[in-house]
Amino acid sequence: MRKNRIARTAATALLALGSVAAFAGTAQAEPIDYVRIELVELHCQQNSEGDHDEAYLKITDANGNAVKVWPGNGVKYQTMGTGYVRSMADGNGNAALILGKQQARTLTLWDYDSTSGDDKLGATLVTGSEVGAETQWRSVEGSGGVYVIGYRVIDI
């Protein structure tokens with residue numbers, strides 16, 4: 001009986017010691033350093049259909065879901081024709097634009113179609129490690145369209 005009590009006491013002490021070690025390891029972990037993608041401009045080098053596209057931008061959030069970020073303020077899309085330049089600043093309030101410095105998000109440009117599925121105009125990967133760089137200009141192509149997306153990654 002005494003051996004069982006000693007074994008139980010020793011096991012309890014080891015479990016407690018493991019819990020303390022795990023807690024100490026957690027307390028010493030580096031905090032995640034966050035950045036924000038700031039959308040700047042969209043340039044249409046060549047629209048994909050007819051005389052204009054109905055463009056909108058989505059981003060993958062931390063859970064892998066596609067979230068519409070531009071245009072903002074409840075607007076469905078922006079008309080874009082060859083040579084058009086649009087500010088994307090109205091999309092910057094979206095929480096999906098925040099990520100860790102070691103994370104990445106995909107920006108995907110779409111052309112809205114009311115009679116069929118939307119057309120993908122291209123995508124680009126943005127990493128949190130791009131923080132502090134000048135405005136990045138990324139060319140995206142798809143469905144015959146060619147666009148350039150301007151953005152910055154800002155420390156927050």
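1. Starting with Arg-152: at 30% relative accessibility, this residue counts as partly exposed, because the label covers everything between buried (under 20% relative accessible area) and exposed (over 50%), with a 1.4 Å probe and protein chains only. Bear in mind that this is a predicted model, in which local features need pLDDT of at least 70 and side-chain atom pairs count only at pLDDT 80 or more, while totals for chains, interfaces and linings use all residues. Residues are numbered from 1 along each chain as its sequence is written, and side-chain values use heavy atoms, with hydrogens and water left out.

2. What does Arg-152 pair with in a salt bridge? The partner is Glu-38, with the closest N and O atoms 2.5 Å apart. This pair ties together distant parts of the chain: Arg-152 sits in strand S10 and Glu-38 in strand S1 (residues 34–46), 114 residues apart. For reference, a salt bridge here is a side-chain nitrogen of Lys or Arg within 4 Å of a carboxyl oxygen of Asp or Glu. Strands are DSSP runs (E, at least two residues), as helices are (H or I, at least four), numbered from the N terminus.

3. Glu-38 also meets the side chain of Arg-36 in a salt bridge, at 4.0 Å from N to O. Glu-38 is buried at 17% relative accessibility, whereas Arg-36 is partly exposed at 22%.

4. How many salt bridges does the structure hold? The total is 5. One of them joins Arg-138 and Glu-130, whose closest N and O atoms are 3.3 Å apart. Arg-138 is partly exposed, with 22% relative accessibility, and Glu-130 is buried, with 13%.

5. Now for Asn-47, in the loop between S1 and strand S2 (53–60). Is Asn-47 buried or exposed? With a relative accessible area of 11%, Asn-47 is buried. The Asn-47 side chain makes a polar contact with the side chain of Thr-82 at 2.6 Å, and also reaches the backbone oxygen of Gly-50 at 3.1 Å. A polar contact is a pair of N or O atoms within 3.5 Å; within protein, one must be able to donate a hydrogen and the other to accept it, and residues adjacent in sequence count only if both atoms are side-chain atoms.

6. Setting aside neighbours within four places in sequence, Asn-47 is in contact (heavy atoms within 4.5 Å) with several residues, among them His-52, Met-80, Gly-144 and Tyr-147.

7. On aromatics, the count comes to 1 pair. Tyr-77 and Tyr-112 are stacked, 5.4 Å centre to centre with 15° between the planes. Rings of Phe, Tyr and Trp (its six-membered ring) pair if their centres lie within 6.5 Å; planes under 30 degrees apart count as stacked, over 60 as edge-to-face and the rest as tilted. Tyr-77 lies in the loop between strand S3 (66–70) and strand S4 (78–80), and Tyr-112 in the loop between strand S7 (104–111) and strand S8 (119–127), 35 residues apart. Tyr-77 is partly exposed at 31%, and so is Tyr-112 at 22%.

8. Last, Ile-156, in the segment after strand S10 (145–155), counts as exposed at 52% relative accessibility.
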